[in-house]
Amino acid sequence: METLRALFRDTRFSIGAAVMVILIVLALMSFFSPYDVTVWRLVPRDQPPSPEHLLGTTSLGQDVFWLLTAAIRNSILLAFCSAAISRIIALTVGLVSGYLGGAIDRVLMFVNDGFIVLPQLLILTLLALLIQENLSLLTLALLFGVMGWALDARFIRSQVLSLREREFTYTAILSGTPLYKLIINEYLLYVMPLTLATLIGNMIWVTGMEVTLAYLGLTNVSIPTLGIVLHFALNYQAILLGLYWWIFAPVGAAVALFVALYLLSQSFSDFLDPRARIQRVGTR
Amino acid sequence: MRFVRRYLIPRLIQYVLVNILGITMIFILPRLMPNGPVEKTVAQIQDRGAYTDPKAAEQTVKALKELYGLDQPLITQYVIFWRRLFTLDFGPSLVSFPTPVMTLIGQSLPWTFGLLFTTMVFIFILGNLFGGLAGYFRQNRFLRILDGVFMVLAPMPYYIIALMLIIIFAYIIPIFPVGGGYTIGAPIGFTWAFIKDVLIHATLPALSLIIIGTATTHQIMRLIVQGVNEEDYVRYAHIGAVKESTVFSRYVMRNATLPQITRFAMGFSGLFSGALVTEVIFAYPGIGFLSYHAILTSDYNVLMGVTTLSIIALTTSTLLMDLLNPLFDPRIRLT
């Protein structure tokens with residue numbers, strides 16, 4: 001509770017949290033949508049915003065507002081799932097590599113370096129191209145999760161390296177605490193805040209990647225996400241036809257999501273460690 | 001001698017190993033996928049509406065597998081892949097058939113290089129200057145407003161900035177072309193008219209890259225300068241009544257720019273992949289546009305070529321930076 005109050009004292013955190021709450025409420029509204037957003041031609045086409053259709057309609061006969069709620073829901077869900085998957089990998093690798101050291105550490109960090117130098121966008125493009133038709137939200141989350149853990153595993157490892165030299169480690173070992181208990185009960189608590197901060201950073205990365213891939217038309221077009229809505233709007237020449245509501249709705253939602261997540265991650269890492277600020281901005 | 005043994009050799013070994021790992025991964029990953037390039041090609045032929053009876057389709061698959069060498073065991077394919085890699089031979093493009101992939105890449109590289117190099121220089125100068133000023137003069141009203149603007153811009157996904165620029169400067173106020181590298185049909189040569197044409201076409205893509213890059217660099221530089229400000233030698237300079245401008249330029253900026261040089265050099269690693277989205281949005285005829293077309297047409301060889309080259313570019317620039325850093329920064333000890 002004390003922590004939350006301290007966090008809310010930071011304007012950036014309050015703004016970020018407020019925008020995030022609005023977005024989540026919008027996402028939850030998608031469950032009460034009067035239209036099935038995956039079906040076309042349900043409403044009149046190309047209508048400007050009106051009381052009936054709050055944000056107008058698309059050239060495909062979808063209601064932009066309800067489409068947007070579903071898109072926000074899917075995008076946030078995807079970002080959270082893949083960030084969670086990559087956090088699990090990063091935590092495992094970071095804890096094992098940092099605590100055990102030696103040959104295992106060297107092998108893991110070697111694989112880690114390999115992942116860091118991979119051109120992620122191109123490889124994701126290559127993979128998405130090949131399995132495009134079978135991409136569900138879950139497989140996409142897995143794909144992003146497998147690609148996005150490397151840098152954060154290094155952060156966690158370096159923190160564990162310093163924890164290993166603390167006195168409580170020696171006390172625990174000398175008093176016969178089993179290794180898994182030491183790691184779960186003691187280390188995990190110390191590493192958790194850092195993991196949470198990187199979780200938000202990773203969510204930004206995932207959303208950016210997803211929108212980029214969708215924008216290029218490489219993900220499954222039948223699942224509405226922010227990127228897919230934008231993809232359809234551009235493909236049907238919404239700018240040229242002057243259907244600005246169709247294009248500004250996903251763009252606005254994406255900007256809101258990005259800025260909210262960024263503010264949250266900034267104030268969060270400031271709260272954890274003023275020195276970490278440099279690293280956070282640098283890892284984008 | 002100690003430098004070679006303790007510093008150079010471990011880094012060279014790591015360089016080679018990481019390259020092998022990365023390239024092996026992009027060799028294996030596509031082969032794990034349920035439908036490979038052959039199935040994609042056949043599906044594309046069928047997509048065009050031609051009737052193919054199943055027997056013929058099967059034969060096409062077989063013939064294509066033989067043609068691409070995919071019927072051989074995985075190990076043989078792997079050995080052949082590496083042997084050809086050393087001569088930088090990625091085979092012919094599957095779509096514009098007999099043209100070798102390297103020729104296509106060679107044609108697109110100058111465009112990407114020109115665009116990226118220019119924007120990187122701009123970003124380096126603008127981002128570091130504004131970031132340094134914002135970090136040093138923290139009370140200045142103008143710099144604080146700028147800081148706020150950059151803070152909103154920095155996390156923004158790149159294509160949104162690009163899209164905004166297109167909407168504003170190509171549709172609402174049509175002063176720049178919507179896309180392309182030069183006016184189609186214009187005579188190509190070293191004439192003033194052609195150079196001007198190329199520059200006008202490059203303005204919007206460059207501007208979008210500069211805006212987002214400056215915002216990010218600014219954020220980082222501001223934090224670095226704030227860190228340097230706390231150092232004892234800066235406080236000492238203030239106490240010793242060194243002129244404010246001298247403290248800023250000689251004491252603070254010089255130290256803070258060092259890590260930024262690394263970032264500048266690392267920018268080159270993006271030569272093969274970094275500008276993908278820019279070039280797609282602005283239809284700019286560089287490497288990114290080439291790979292985008294390869295994606296759309298499942299031109300597998302081109303994609304493999306671009307991906308492999310971008311891995312090598314990334315690892316090489318990391319290695320060069322590791323080796324050159326001690327030259328820029330005397331504080332780094334070679335141990």
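Start by selecting His238(B), which sits in helix 9 (residues 232-239) of chain B; helices here are DSSP runs of H or I with at least four residues, strands are runs of E with at least two, and both are numbered from the N terminus. The model is predicted: local features need pLDDT of at least 70, side-chain atom pairs count only at pLDDT 80 or more, and totals for chains, interfaces and linings use all residues. Residues are numbered from 1 along each chain as its sequence is written, chains are lettered from A and ligands numbered from 1 in the order in which they are written, and side-chain values use heavy atoms, with hydrogens and water left out.

His238(B) counts as partly exposed because its relative accessibility is 37% (buried is under 20% relative accessible area, exposed over 50%, partly exposed in between, with a 1.4 Å probe and protein chains only). Show its contacts, meaning heavy atoms within 4.5 Å: setting aside residues up to four places away in sequence, His238(B) touches Tyr136(B), Glu244(B) and Val247(B).

Zoom out to the whole of chain B. Its secondary structure consists of 13 helices and zero strands. The C-alpha trace of chain B spans about 90 × 60 × 40 Å along its principal axes. Of its 335 residues, 45% count as buried. Among contacts in chain B with a separation of 6 or more, 74% come from residues 24 or more positions apart. Chain B exposes about 17700 Å², and carbon and sulfur atoms supply 68% of that area (Shrake-Rupley method, 1.4 Å probe; for residues, only the protein chains shown count as cover).

Still in chain B, select Leu88(B), in the loop between helix 4 (74-86) and helix 5 (101-136). Leu88(B) is a residue other than glycine with a positive phi, near 55°. At 38% relative accessibility, Leu88(B) counts as partly exposed.

Next, colour the two chains separately and look at the interface. Here 47 residues of chain A are in contact with 52 residues of chain B. Together the chains bury about 4500 Å², 81% of it on carbon and sulfur atoms; buried area is the accessible area (1.4 Å probe) that two parts lose on being put together, summed over both. Select Leu122(A), Leu126(A) and Leu130(A): they supply 15% of the area that chain A buries against chain B, more than any other three residues.

How many salt bridges does the rule find across the interface of chain A and chain B? It finds zero, where a salt bridge is a side-chain nitrogen of Lys or Arg within 4 Å of a carboxyl oxygen of Asp or Glu.

Move to chain A and select Phe232(A), in helix 10. Phe232(A) is buried, with a relative accessible area of 16%. Leaving aside neighbours within four places in sequence, Phe232(A) is in contact with Trp40(A), Leu60(A), Val221(A) and Trp246(A).

The last stop is Gln237(A), in the loop between helix 10 and helix 11 of chain A. Gln237(A) is not a glycine, yet has a positive phi of about 55°. Its relative accessibility is 41%, so Gln237(A) counts as partly exposed.
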